Amino acid sequence: MFDRISFLAGIGVWECDLATEELTWTDTVYDIFGIPRGTPIDRHRALDLYEPESRRQMERLRSAAIESGTGFTLDIQIRPKASEVRWVRLTAVIEKEAGRAVRIFGTKQDITSEKAAQNKLQSLQTELIHLSRGSAMGAMASTIAHELNQPLAAVSSYLSAARRLAPDESKSSELAECIDGALEATHRAGNIIRSVRAMSTRRDGRREELELEPVLK
C-alpha cells in the first residue's frame, strides 16, 4: 500500500547517515533522480545532479538544521539528464542519539508538473494584468483625445480666421510667422494625442526600416 501511494504521489523516502554520508533511498527517489533502482548511492553522487543554486540553498539549510537539530523544506532543481530539469520538493528532519545528530531523513517529491502549472498560471495572470492595464489606458487615452481635440480644433480655427481677418497692412512678417507657428504647434499636439491613443490600442506590430540619423536629430 505504501509503495502504491508513493508511486501515485511521486513521493519517496530517503535517509543519510551523517557519519558515512551513505544514502538509503526508496524506489521512487531513484526514479526521480533517474538512477537505476537499488544502485549503491552516496551523497556526493546525488549532489552532482543538483542545479548549482539549489545545491547552495540546500547545503545552507542542511547545515543550519544539523546544528539546531531541526529540519527544513525546500524546492530544488535537479538535472537527471543533460536535457531534462526536474523540480523536487525536499523535506528533511534531523535524528539525534544521545543529543548528537546522527542521521537526516525525509521525503522527496517530484513537483515538476506542479511548477509548470504554477508558471502557466502566473503567465496568464501577467497577461490578464497587461490586458486590463491596456484597456484602462485605451479608455483614458480616448477620453483625453476627445477632450483635447475639440479645444485644439477651436484654436486652429481661430488662428486661421485671425490670419484671414487681419488687415493686409498689419500683416507683418513677424505676425504671419507667429500665426503659422501657432497653427503648426496645434497640429503637432493633435498628432501627439493620436499617437498616444494608437499606442494604447492593442494591435499587431508593424516593422519598417528607418534611417537612424534623422530620428536622433
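Three aromatic pairs are present in this predicted model (Phe, Tyr and Trp rings, the six-membered one for Trp, pair if their centres lie within 6.5 Å; planes under 30 degrees apart are stacked, over 60 edge-to-face, the rest tilted). Residues are numbered from 1 along each chain as its sequence is written. Local features need pLDDT of at least 70, side-chain atom pairs count only at pLDDT 80 or more, totals for chains, interfaces and linings use all residues, and side-chain values use heavy atoms, without hydrogens and water.

**Stop one.** Select tryptophan 25 and tyrosine 30. Tryptophan 25 is buried at 8% relative accessibility, and tyrosine 30 is buried at 6% (buried means under 20% relative accessible area, exposed over 50%, partly exposed in between; 1.4 Å probe, protein chains only).

**Stop two.** Now pick phenylalanine 33 and tyrosine 50. This pair is tilted, because its planes stand at 40 degrees, with the centres 6.2 Å apart. Phenylalanine 33 belongs to helix α2 (residues 27-33), while tyrosine 50 is in the loop between α3 (43-47) and α4 (52-68), so the pair ties together parts 17 residues apart in sequence. Helices are DSSP runs (H or I, at least four residues), numbered from the N terminus. Phenylalanine 33 is buried at 1%; tyrosine 50 is buried at 9%.

**Stop three.** Show Trp25, Tyr30, Phe33 and Tyr50 together: ring pairs link them into a cluster.

**Stop four.** Go to lysine 108. Its charged end sits over the ring of tryptophan 14, 4.0 Å from the ring centre (NZ of Lys or CZ of Arg within 6 Å of the centre and within 35 degrees of the ring normal).

**Last stop.** Select lysine 115. It lies over the face of tryptophan 87, 4.6 Å from the ring centre.

Technical notes. Helix = DSSP H or I, 4+ residues; strand = E, 2+ residues; numbered from the N terminus.
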